Amino acid sequence: RSPQPPTPRARALWPGGSRRAAMLAATTVVEPLTRGTAPGHHGGPVGMLLGFLVRAVLGVACTVVLTVSLLYAFQDSLLYHPSPHNLPKLPTDNPPGMRRPDEHKYKTRRGELRTIAFEEHFLRTPDGES
């Protein structure tokens, strides 16, 4: 840029100052800070790599936060699946003969009618729940 005469603003900035000081105040161009010149930033490939790593870490962090938030918001629907239409949800809702293994009868090769052998075990906890 070529020097320009001082503006009234420049004269107000340097009251009683010399004409040269007013001229410098009017003609000094302040360049915006760019990525290679800011404190803490590195220019060239190192700066590009650091910028990429920062953006990658932020992207992963945002993805994790979003995923955990969605899991928290929809946890009930993930834990308790709805039962399909007209199908039982509990064993007691099943038809007779299909509620417990000992109700189900089958024929052996010899034609004998048998039930499935099983045992029920209940654990007693210190608080009385089982």
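Author: Let us begin with tyrosine 106, which is partly exposed at a relative accessible area of 35%. Partly exposed is the range between buried, under 20% relative accessible area, and exposed, over 50% (1.4 Å probe, protein chains only). This is a predicted model, in which local features need pLDDT of at least 70 and side-chain atom pairs count only at pLDDT 80 or more, while totals for chains, interfaces and linings use all residues. Residues are numbered from 1 along each chain as its sequence is written, and side-chain values use heavy atoms, with hydrogens and water left out.

Reader: Where does tyrosine 106 lie?
Author: Tyrosine 106 belongs to strand S1, residues 105-107. Strands (E, at least two residues) and helices (H or I, at least four) are DSSP runs, numbered from the N terminus.

Reader: And which residues does tyrosine 106 touch?
Author: Leaving aside residues up to four places away in sequence, tyrosine 106 touches Glu112, Leu113, Arg114, Thr115 and Ile116. Touching here is a contact, that is, heavy atoms within 4.5 Å. For Ile116, which is 10 residues from tyrosine 106 along the chain, the two C-alpha atoms are separated by 8.1 Å.

Reader: How many salt bridges are there?
Author: The count comes to three salt bridges. The rule asks for a side-chain nitrogen of Lys or Arg within 4 Å of a carboxyl oxygen of Asp or Glu.

Reader: Why can such side chains pair?
Author: Side chains of opposite charge can pair when their charged atoms come close.

Reader: Which partners does arginine 100 have?
Author: One partner is aspartate 102, with N to O at 3.0 Å. Another is glutamate 120, with N to O at 2.7 Å. The pair of arginine 100 and glutamate 120 links distant parts of the chain, 20 residues apart: arginine 100 is in the loop between helix H4 (75-79) and S1, and glutamate 120 is in the segment after strand S2 (113-115).

Reader: Are these residues buried or partly exposed?
Author: Arginine 100 is partly exposed at 35% relative accessibility, aspartate 102 is partly exposed at 30%, and glutamate 120 is partly exposed at 44%.

Reader: What about arginine 114?
Author: Arginine 114 forms a salt bridge with glutamate 112, and their closest N and O atoms are 3.1 Å apart. As for networks, salt bridges that share partners join Arg100, Asp102 and Glu120 into one.

Reader: Changing topic, what is the overall pattern of the chain?
Author: Along the sequence the pattern is α-α-α-α-β-β, from four helices and two strands. Buried residues make up 6% of the 130 residues. Among contacts between residues at least 6 apart in sequence, 4% join residues at least 24 apart.

Reader: Which residues make the nonpolar surface patch?
Author: Val46, Leu49, Leu50, Phe52 and Leu53 make a patch of about 470 Å². Patch residues have over 30% relative accessible area and no salt bridge; like charges are joined within 9 Å, and nonpolar side chains (Val, Leu, Ile, Met, Phe, Trp, Tyr) within 5 Å. Accessible areas come from the Shrake-Rupley method with a 1.4 Å probe, and for residues only the protein chains shown count as cover. Leucine 49 lies in helix H3, residues 44-73, and is partly exposed at 49% relative accessibility.
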